[in-house]
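Subject: Structure handover

Hello,

Here is the structure I promised you. Please open it alongside this message and follow the notes below.

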Amino acid sequence: MYKSLCKVFSLQTLGRFLSYTSNASSVGFKMVRYFPNPYEDYKTGVDLNINKEEIINQINEYVNNISKRLQPTRKNVDGGLYVGVTGVSFMFYYLSKNSLLSEHKRNYLDKGLEYIKPALEISAGDKTSFLLGDAGTYALAAILYKELGNEHYTGMIGAFRSLYSLYLNPKFLKCGRDEFFVGRAGFLAGALWISRELQSQVFTNEELYKICDIMVASGRDYSNKHKSPCPLMYHYYNTEYLGAAHGISFILQILLTIPGYLEYNKVAAKDIKATVDFIASLQTEEGNWPCCMEEIGLSDHKLVHWCHGAPGTVYLMAKAYLVFKDDRFYHACLRAGEVVWRKGLLRKGPGICHGVAGNGYVFLLLYRITGDKKYLHRAKLFADFMNTDEFLRDARLPDNPESLYEGTAGTVCYLADLLVPEKAEFPFQDVFSIY
């Protein structure tokens with residue numbers, strides 16, 4: 001199965017992958033980005049059978065192949081948690097926490113440490129980048145060392161904390177200073193994650209609020225200068241993205257998640273809420289969101305990915321619903337689930353950033369919010385689809401096929417969460433914990 005994902009595509013295979021539809025009202029062609037959904041939806045009263053033994057076997061097959069194909073060496077450090085060996089280390093840590101895999105816990109932790117060591121020896125990229133650089137490496141290393149009873153964990157916490165002052169510089173990066181991958185939102189996500197995993201605060205709330213205040217001021221300043229239709233707006237390399245990867249939805253989600261911040265800064269809270277309302281208003285009739293502000297008003301928004309579109313923005317809507325108790329956000333989540341069900345079997349591969357597993361996570365989120373077995377049924381079918389001949393033959397080979405966000409390490413996390421759906425969460429995007 002996994003070998004099929006790692007094939008080199010011929011021109012003939014690429015031709016099968018590219019499916020075109022003609023449009024009488026336009027000239028040219030457009031690429032179909034997803035496989036037609038071949039499945040029947042859940043019918044109330046029908047038993048839902050999730051074969052956990054089969055899922056565990058799939059996990060083991062993926063893990064064995066990842067271990068063979070992506071070695072824990074310095075040459076594989078670049079890309080950090082996103083596509084480097086640090087992301088595979090996270091996968092092993094994530095498996096170690098799964099109650100149904102507890103007999104292998106020590107082995108998973110040892111493998112996690114093995115995969116992160118090269119990233120501790122050389123820099124993964126920018127120090128301040130959580131997903132692409134050293135900030136994420138320090139955070140994960142602290143957790144692994146603590147789990148293994150190694151005193152080095154305090155040094156890793158110190159290394160993570162030492163980055164704090166850099167984010168207080170209002171202009172510490174030219175582009176993306178507030179977003180998830182390289183900016184302040186990623187650092188805050190890491191700080192919350194470490195605190196939850198260690199069950200101990202790494203920063204005081206007041207320290208976190210200082211970063212939040214800078215993020216809000218940054219968003220206001222940009223919005224005012226560019227006459228944005230909402231109080232807060234941000235850009236990444238001059239594009240006003242709306243989604244989770246580089247966009248405003250993750251920034252807003254983090255601002256909603258920092259404990260007590262909305263009460264601490266009520267003026268900021270007003271602007272945050274108004275901006276969340278604006279993002280919610282951009283949801284299309286079919287349930288998707290534009291990729292960026294420049295696409296507002298277009299009739300067709302093609303990207304149904306975690307990075308751009310409903311599969312990522314749904315986490316902001318879920319957090320907003322849990323914080324504000326407003327059913328508008330709840331129904332936005334449900335509409336997002338419908339577009340993912342129709343268009344979420346992506347040809348781009350199995351990953352969580354822009355692949356089938358990332359879209360399957362939407363249904364695990366909705367299952368936790370609603371308790372409706374329909375969403376667990378859908379999540380299972382998205383996992384099943386990655387084993388079909390059609391997917392293995394015609395899906396694209398990701399640029400980094402074993403990685404956490406683009407490849408099968410993220411798929412492993414998704415399958416592990418399918419074993420314990422009541423605890424499922426997209427990496428670093430927990431909407432349920434109260435910190």
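A polar contact here is a pair of N or O atoms within 3.5 Å, where one must be able to donate a hydrogen and the other to accept it. Keep that in mind for the glutamate below. Note also that this is a predicted model.

**Glu197**

E197 sits in helix α10, which spans residues 184-198. Its side chain joins that of Y93 in a polar contact of 2.4 Å. That pair counts as a polar contact because its atoms are within 3.5 Å. Is E197 buried or exposed? E197 is buried, because its relative accessible area is 16% and the cut-off for buried is under 20%. Setting aside neighbours within four places in sequence, E197 touches Y93, K97 and I143. So Y93 turns up both in the contact list of E197 and as its polar partner.

**The chain as a whole**

The secondary structure comes to 20 helices and 2 strands. The radius of gyration is 21 Å, close to the 22 Å that the globule rule gives for 435 residues, so the chain is as compact as a globular protein of that length. Along the principal axes, the C-alpha atoms fill a box of roughly 55 × 55 × 45 Å.

Of the 435 residues, 59% count as buried. Take the contacts with a separation of 6 or more: 69% of them are between residues 24 or more positions apart. The chain exposes about 17800 Å², and carbon and sulfur atoms supply 49% of that area.

**Val63**

V63 belongs to helix α3, residues 52-69. It is buried, because its relative accessible area is 9% and buried means under 20%. Which residues does V63 contact, leaving aside neighbours within four places in sequence? They are M91, F92, L95 and V412. V63 and A409 are 346 residues apart along the chain, yet their C-alpha atoms are separated by 7.6 Å.

**Asn76**

N76 is in the loop between α3 and α4, the latter being residues 80-83. N76 is buried, with a relative accessible area of 18%. Where does the side chain of N76 reach? It reaches the backbone oxygen of Q71, at 2.9 Å. Beyond the neighbours within four places in sequence, N76 is in contact with L70, Q71, G84 and V85.

**Tyr237 and Asn238**

Now to the loop between α11 (205-225) and α12 (248-257), where Y237 lies. N238 lies in the loop between α11 and α12 as well. Phi of Y237 is near 50 degrees, a positive value in a residue other than glycine. Phi of N238 is near 70 degrees, again positive in a residue other than glycine.

Best wishes

Note on methods
Residues numbered from 1 in each chain as written. Predicted model: local features only at pLDDT ≥ 70, side-chain atom pairs only at ≥ 80, totals over all residues. Heavy atoms only, no water. Helix = DSSP H or I, 4+ residues; strand = E, 2+ residues; numbered from the N terminus. Buried < 20%, exposed > 50% of the residue type's maximum accessible area, 1.4 Å probe, protein only. Contact = heavy atoms within 4.5 Å. Rg over C-alpha atoms; globule rule 2.2 N^0.38 Å. Areas by Shrake-Rupley, 256 points an atom, 1.4 Å probe, with all protein chains shown as cover.
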